[in-house]
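Please look through the model below before reading my points.

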Amino acid sequence: MHRFSFRASFTEVVIVTAARQVGTPSAQSMQFAEAYAAEDIVLQTARNLALEVGLSSVTPGAGSVLALLAAAGNAKAVVEIGTGTGVSGVWLLRGMRPDGVLTTIDVENEHQRIARRIFQEAGFAPSRTRIITGRALDVLPRLADGVYDLVFVDSDATEFGACAEAALRLLRPGGILIVNGALAGGRISDPAARDADTITIRETVKAIREAEHWIPALIPAGAGLLAAVKC
Ligand SMILES: C[S@@+](CC[C@H](N)C(=O)[O-])C[C@H]1O[C@@H](n2cnc3c(N)ncnc32)[C@H](O)[C@@H]1O
């Protein structure tokens, strides 16, 4: 029997009821939660460089959740899909074990050139990062099965489902998948939103909730983090 078989029939009712009980967090509360995770000069620099090249980065609140989950999982081997300029990478490395290695993938060499400098400025030895340039779906099949503690996905939303599939193979039992952008910019709960990104994100979030091999939670930090432990 499915461990969470009760969920399929009652989930929508439970979500609506819970939302009514909890109420909507005010924008002020959300801002307080984001500001709680202070960023140092290295992270601020990486974030500004991202803006200069037209990239978004994980918010401080989302970054602190990445560090938290990496630390809670005592992560030694982490895969990041979407290096950007290194904001999320620094947060992950700060939560990982001191001997941990971050394997980070991005299709843009220029973004990774900036990230490499940021990792160095943050004090991480080059041996702490394995920076791979290429398309995620070309690189992921080359990574080993079942040896990673955490996989973080923050790249092309239309590939989130395929990246989550790949993560299932890469993670050890008890390893954690985290997908950024899981609230689809606020469009996930809007049935009228039918663009390709929103559809893929909606399908991925639903598939992970219904799969027996994941224990998921949707965390409303930053752009929304879908976190799931592989069981
Ligand atoms: C939102 S940015 C990542 C930001 C980064 N995680 C951070 O918070 O600092 C998305 C990155 O994914 C990369 N990207 C987009 N499509 C990709 C793909 N198919 N394979 C690998 N990287 C991809 C982009 O070049 C970009 O650097």
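**Notes on a helix and a pocket**

1. In this predicted model, helix α6 covers residues 109-121, 13 residues in total. From its first C-alpha to its last it reaches 19 Å, close to the 18 Å expected at 1.5 Å a residue.

2. Which residues of α6 are buried? They are His111, Gln112, Ile114, Ala115, Ile118 and Phe119. These residues lie on the same side of α6 because they cover an arc of only 160° around the axis. An α-helix has 3.6 residues a turn, so residues three or four places apart point the same way.

3. The other side of α6 carries exposed residues: Asn109, Arg116 and Gln120. Buried here means under 20% relative accessible area, and exposed means over 50%.

4. What do the buried residues of α6 pack against? Their partners are the elements α3 (41-52), α5, β2 and β3 (129-133).

5. Just after α6 comes Gly123, with a positive phi of about 95°.

6. The second largest pocket holds about 710 Å³ of space. Its lining is made up of 37 residues, and those nearest the centre of the pocket are Leu55, Gly82, Asp154, Ser155 and Asp156.

7. Two elements from point 4 return here: α5 (87-95) and β2 (101-106) each supply at least two residues of the lining of the second largest pocket, and the buried residues of α6 pack against both. Helix α9 (196-210) also supplies at least two lining residues.

8. By type, the lining of the second largest pocket has 13 nonpolar, 16 polar and eight charged residues.

Methods
Residues are numbered from 1 along each chain as its sequence is written. This is a predicted model: local features need pLDDT of at least 70, side-chain atom pairs count only at pLDDT 80 or more; totals for chains, interfaces and linings use all residues. Side-chain values use heavy atoms; hydrogens and water are left out. On a 1 Å grid over the protein atoms alone, a cavity is a set of points where a 1.4 Å probe fits but cannot get out, and a pocket is an open set with protein on both sides within 12 Å along at least five of seven lines; lining residues have an atom within 4 Å of a point. Grid points are joined across faces, edges and corners, and a volume is the space filled by probe spheres set on the points. Helices (H or I, at least four residues) and strands (E, at least two) are DSSP runs, numbered from the N terminus. Ala, Val, Leu, Ile, Met, Phe, Trp, Tyr, Cys and Pro count as nonpolar, Asp, Glu, Lys and Arg as charged, and the others, Gly among them, as polar. The expected span of a helix is 1.5 Å times one less than its number of residues. Buried means under 20% relative accessible area, exposed over 50%, partly exposed in between (1.4 Å probe, protein chains only). The arc is that of the directions from the helix axis to the C-beta atoms. Contact means heavy atoms within 4.5 Å.
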